[in-house]
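Here is a short briefing on one protein model. Have the sequence and the 3D view open as you read.

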Amino acid sequence: MEKTVMIYASVDGQTLKICNRLKEVFEKDNQDISLFSIEDFNEEISGYDRLILGASIRYGVHDKKVIDFINSNKEQLDAIKTAFFSVNLVARKSEKNKADTNPYVIKFFKSIDWTPTMVEVFAGRLDYKKYPFFDRIMIQFIMWMTKGPTNSDADIEYTNWDRVTEFGHRLKEL
């Protein structure tokens, strides 16, 4: 049986929530999958047949730990099947919810030297009440600029869970 590891970097928890849904898809078919935050992963990548890396966006960039992880482990990542998914609010727009149309994902892959086997993009969750003051103000400003919701009571989950589940099925076949 193939061994899969899923590693994530999440700011507000939506990326972890998506990882847990993907994990359920694997476990439903009795497939082995381990889940780690990027801070807690200290295993040998070569011990796995498949690696899934999920990362969220904050202020237009993926977590530096994700970039450092890729740069430090490129050779091992290139030796196995890999997948990457990004979670960001701009993906709430249908014209920006694919890997080749999402500006953050395009920019991310131009900045690193790694090409995963599979790439996906998911819209995240907007929950103003959860954000610290500065983040709330900045995110409201960004949403105002992009014609998104700015009501400070807004709590909108944009994630398309059917797409997440479908991605999980494709990952199992990777």
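Is L77 buried or exposed? L77 is buried, because its relative accessible area is 1% and buried means under 20%. The model is a predicted one.

**Around L77**
- L77 sits in helix α2, which spans residues 64-78.
- Neighbours within four places in sequence aside, L77 is in contact with I45, L51, F69, I70, T82 and W114.
- R58 is 19 residues from L77 along the chain, and 24 Å separates their C-alpha atoms.

**Strands β5 and β6**
- Strand β5 covers residues 81-88 and pairs with β6 in the parallel sense, over 6 bridges.
- F85 has E120 of β6 as its bridge partner.
- Between the two strands the chain passes through helix α3, residues 103-111. This β-α-β crossover, from β5 to β6, is right-handed.
- Strand β6 runs over residues 118-123 and is mostly covered, with 5 of its 6 residues buried.
- In a regular strand, side chains alternate between the two faces of the sheet.

**Nonpolar surface patch**
- Y59, F133, F134 and I137 make a nonpolar surface patch of about 440 Å².
- I137 belongs to helix α4, residues 133-145.

How values were computed. Residues are numbered from 1 along each chain as its sequence is written. This is a predicted model: local features need pLDDT of at least 70, side-chain atom pairs count only at pLDDT 80 or more; totals for chains, interfaces and linings use all residues. Side-chain values use heavy atoms; hydrogens and water are left out. Patches are made of residues with over 30% relative accessible area and no salt bridge: like charges are joined within 9 Å, nonpolar side chains (Val, Leu, Ile, Met, Phe, Trp, Tyr) within 5 Å. Accessible areas come from the Shrake-Rupley method with a 1.4 Å probe; for residues, only the protein chains shown count as cover. A salt bridge is a side-chain nitrogen of Lys or Arg within 4 Å of a carboxyl oxygen of Asp or Glu. Helices (H or I, at least four residues) and strands (E, at least two) are DSSP runs, numbered from the N terminus. Buried means under 20% relative accessible area, exposed over 50%, partly exposed in between (1.4 Å probe, protein chains only). Contact means heavy atoms within 4.5 Å. Two strands pair if DSSP finds at least two bridges between them. A crossover is right-handed if, with the strands pointing away from the viewer, the path from the first strand over the helix to the second runs clockwise.
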